[in-house]
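This report describes one protein chain, from its overall form down to single residues. The sequence and the structure are shown first.

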Amino acid sequence: MIYLDQAATSFPKIKEVQDAVIDCMNHCTNANRSTSTTSLNASRLIYQTRKLIKEYFHVPQDGCVVLNSGNTESLNTCIKGILKKGDHVITTYAEHNSVLRPLYQLEKANIITLSITSPTVEGIKKNLQKNTKMIIVTHSSNVTGEIYPIAEIGKLAHENGILMMSDIAQSAGHLLIDMEKMNLDILCFSGHKGLLGNSGVGGFCLAQSIEVEPLISGGTGMDSFNHFQSDYYPEHVEAGTRNMTGIASLKAGVFYLMKYQDEKSKYTNELVELLYDGLKNIPQVVLYGDFKERTPILAFNIQGMDSFQAADLLNNKYDIAIRCGTHCAPLMHQHLNTVESGLVRVSLSFMNTKEEIQFFIKAIKEISEGNYDN
């Protein structure tokens, strides 16, 4: 199989990640639950992973790193745990449903008011209100790979005393991310995409002390007689048993990227250029998005063909895995006028090869010309 769905989850997992998971399974149990060697190993692993992520994302000294099940939990925790009655929020049409649905839920309950605009400084600026509490903008579209000016939007937010939050699920591992330079108060990340870890792990980073009501309450291994979650961060928002093998995979992935990201990103960008050059010369292919700076995603359609049909042909005739449909980003598809057809999304990583890209281009050319049965 040729796997071109890296934006969904990285595959195959690099050896360093696989080895870290096996080592964790053999030497770690529950963190903060005992003085046993295996429990202490787990506690050390969590501490080391937080420290590594803090360095990787340039989290300010007073900030903290929260580890949980992934980006959806992070976004829900921060949206539902920070916003209060009467707050106004600005977000964009480029967002994933893990941003939009929690906001719609709060809006329906008459807790917040919501403005949705373009992922631009101008669009955000036009929607500022006196009670705007938070601006949420994805760093990179999970549909088209376009990159949005979160640093400039964050600067605007801070000039107006507003919290700036970004979903970096698609940019983490591909672009350099610096919380301080990008004016981010909150960033939410997935561990299983560009960060190369396993599914079921991710987290969020706070640049400074921000009051967040826990989404989930339960045990933390500390302060057990307290009727409520401990006031200490990150345990305040980390109830339950941690996903130790997931955390081990995340640590290994981030450690690998800290050594090789520049080299690997350069190669991945070469693959994207090769893919773009091949697809743009096929007359029946319609490409979407800005093709300047981007994460390694290309979105397109074949004229006269639904994206699901194209995906089925790629899978069944050519053994190629891609993503089709609406990618949990409905407003983006409304913006692109692709609600009915969806889009074919191809996403790459350094684990792909130039030969795979050339084979994919050949397959799309044959499908576009109706020659795939030959």
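## Overall form

The model is predicted. Its protein chain contains ten helices and twelve strands. The radius of gyration is 21 Å, close to the 21 Å that the globule rule gives for 374 residues, so the chain is as compact as a globular protein of that length. Along the principal axes, the C-alpha atoms fill a box of roughly 70 × 55 × 35 Å.

Of the 374 residues in the chain, 56% are buried. Contacts between residues at least 6 apart in sequence were also examined: 69% of these join residues at least 24 apart.

## Surface and charge

The protein chain exposes about 16,800 Å², and carbon and sulfur atoms supply 50% of that area. Its charged side chains comprise 33 positive and 40 negative ones. The centres of these two sets lie 2 Å apart.

## Nonpolar cores

In soluble globular proteins, nonpolar side chains tend to be buried together. In this chain the largest nonpolar core has 60 residues. The residues with the most contacts inside this core are Ile-53, Phe-57, Ile-135, Leu-187, Phe-189, Leu-195 and Cys-205. Elements that give two or more residues to the core are helix 1 (15-27), helix 2, strand 2 (64-68), helix 6 (150-159), strand 7 (186-190), helix 7 (244-279) and helix 9 (330-336). Helix 7 gives the most, with eight residues.

Another core, of 29 residues, lies apart from the largest one. Val-285, Leu-298, Val-346 and Ile-367 are among its members.

## Ile-53 in the largest core

Which residues does Ile-53 contact, leaving aside its neighbours within four places in sequence? They are Val-59, Val-65, Leu-67, Phe-189, Cys-205, Leu-250 and Val-254. Two of these partners, Phe-189 and Cys-205, are listed with Ile-53 among the residues with the most contacts inside the largest core.

Ile-53 is located in helix 2 (residues 37-56). Its relative accessibility is 2%, so Ile-53 counts as buried, the cut-off being under 20%. Between the C-alpha atoms of Ile-53 and Gly-203 the distance is 9.9 Å, although 150 residues separate the two in sequence.

Gly-289 belongs to the loop between strand 9 (285-288) and strand 10 (297-302). Is this glycine buried or partly exposed? With a relative accessibility of 32%, Gly-289 counts as partly exposed. Apart from neighbours within four places in sequence, Gly-289 contacts Thr-144, Glu-146 and Arg-294. The C-alpha atom of Gly-289 is 8.7 Å from that of Leu-336, and the two residues are 47 apart along the chain.

Gln-358 sits in helix 10 (residues 354-368). Its relative accessibility of 46% makes Gln-358 partly exposed. Gln-358 and Leu-271 are 87 residues apart along the chain, with 9.6 Å between their C-alpha atoms.

## Cis peptide bonds

The peptide bond from Phe-11 to Pro-12 is cis, with omega near -10°. Pro-12 lies in the loop between strand 1 (2-3) and helix 1.

A cis peptide bond is also found from Tyr-233 to Pro-234, where omega is near 5°. The loop that holds Pro-234 runs between strand 8 (202-206) and helix 7.

His-58 is not a glycine, yet its phi is positive, at about 55°. This histidine is in the loop between helix 2 and strand 2. His-58 has a relative accessible area of 39% and is therefore partly exposed.

Asn-110, also not a glycine, has a positive phi of about 60°. Where is Asn-110 found? Its place is the loop between helix 4 (97-108) and strand 4 (112-117). Asn-110 has a relative accessibility of 55% and counts as exposed, because the cut-off for that class is over 50%.

Methods
Residues numbered from 1 in each chain as written. Predicted model: local features only at pLDDT ≥ 70, side-chain atom pairs only at ≥ 80, totals over all residues. Heavy atoms only, no water. Helix = DSSP H or I, 4+ residues; strand = E, 2+ residues; numbered from the N terminus. Buried < 20%, exposed > 50% of the residue type's maximum accessible area, 1.4 Å probe, protein only. Contact = heavy atoms within 4.5 Å. Rg over C-alpha atoms; globule rule 2.2 N^0.38 Å. Areas by Shrake-Rupley, 256 points an atom, 1.4 Å probe, with all protein chains shown as cover. Lys, Arg positive; Asp, Glu negative; His and termini not counted. Charge placed at Lys NZ, Arg CZ, Asp CG, Glu CD. Core = buried A, V, L, I, M, F, W, Y, C linked by side-chain atoms within 4.5 Å.
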